[in-house]
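Consult the sequence and the structure while working through each solution.

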Amino acid sequence: MDWLELTQIIEHHLGMYVGRATYERAVALLRGFDLAQGTSLWPELQKRVEARHQTGSRGWPQVLLAEALGADVRDAPDLGPLTREQNKAAIACLCRELRSCLDPDARHGGMPEA
């Protein structure tokens with residue numbers, strides 16, 4: 001499985017892998033997958049949100065959640081509990097960010113070139 005396949009799972013079949021399809025569980029699945037890879041996508045996601053929002057040390061999961069909810073990224077909310085609609089919006093935002101971060105033509109499991 002590569003990153004693009006994982007993105008498809010998160011977007012369309014998350015509940016089959018983690019039970020309830022919540023943003024918090026999507027981030028946990030992504031974290032576990034990321035840890036099992038030879039090269040981590042986590043720092044790239046962090047770099048992207050830091051560049052976009054000058055968030056400093058605020059983690060990308062909270063920043064993406066704030067983006068999805070239309071909240072101030074400097075006061076990013078906890079990952080859960082969220083309403084069903086909030087979870088859907090946050091998962092969609094996460095999948096968009098993953099797709100924009102990944103280069104589908106790159107080798108090495110879809111990782112962006114360094």
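**Exercise 1.** In which helix does Q46 lie? Determine also whether Q46 is buried or exposed.

*Solution.* The model is a predicted one.
Step 1: Q46 belongs to helix α4, which comprises residues 42-53.
Step 2: The relative accessibility of Q46 is 15%. Buried means under 20%, and Q46 therefore counts as buried.
Step 3: Apart from neighbours within four places in sequence, Q46 is in contact with G56, S57, R58, G59 and W60.

**Exercise 2.** Which residues of α5 are buried, and what covers them?

*Solution.* 
Step 1: The buried residues of α5 are W60, P61, V63, L64, L65 and A66.
Step 2: The cover over these buried residues includes α3 (23-36), α4 and α6.
Step 3: Just after α5, G70 adopts a positive phi of about 70 degrees.

**Exercise 3.** Describe how α5 and α6 pack against each other.

*Solution.* 
Step 1: Two packed helices are described by the angle between their axes and the distance between the axes.
Step 2: The axes of α5 (residues 60-69) and α6 (residues 84-101) come within 8 Å, and they cross at roughly 120 degrees.
Step 3: The crossing of α5 past α6 is right-handed.
Step 4: On the α5 side, the contact involves W60, L64, L65, E67, A68 and L69; on the α6 side, Q86, A89, A90, C93, L94 and E97 take part.

Notes:
Residues are numbered from 1 along each chain as its sequence is written. This is a predicted model: local features need pLDDT of at least 70, side-chain atom pairs count only at pLDDT 80 or more; totals for chains, interfaces and linings use all residues. Side-chain values use heavy atoms; hydrogens and water are left out. Axes are lines fitted to C-alpha atoms, for helices over the stretch in contact, and angles run from 0 to 180 degrees between N-to-C directions. Helices (H or I, at least four residues) and strands (E, at least two) are DSSP runs, numbered from the N terminus. A crossing is left-handed if the near helix is turned anticlockwise from the far one by less than a right angle, and right-handed if clockwise. Contact means heavy atoms within 4.5 Å. Buried means under 20% relative accessible area, exposed over 50%, partly exposed in between (1.4 Å probe, protein chains only).
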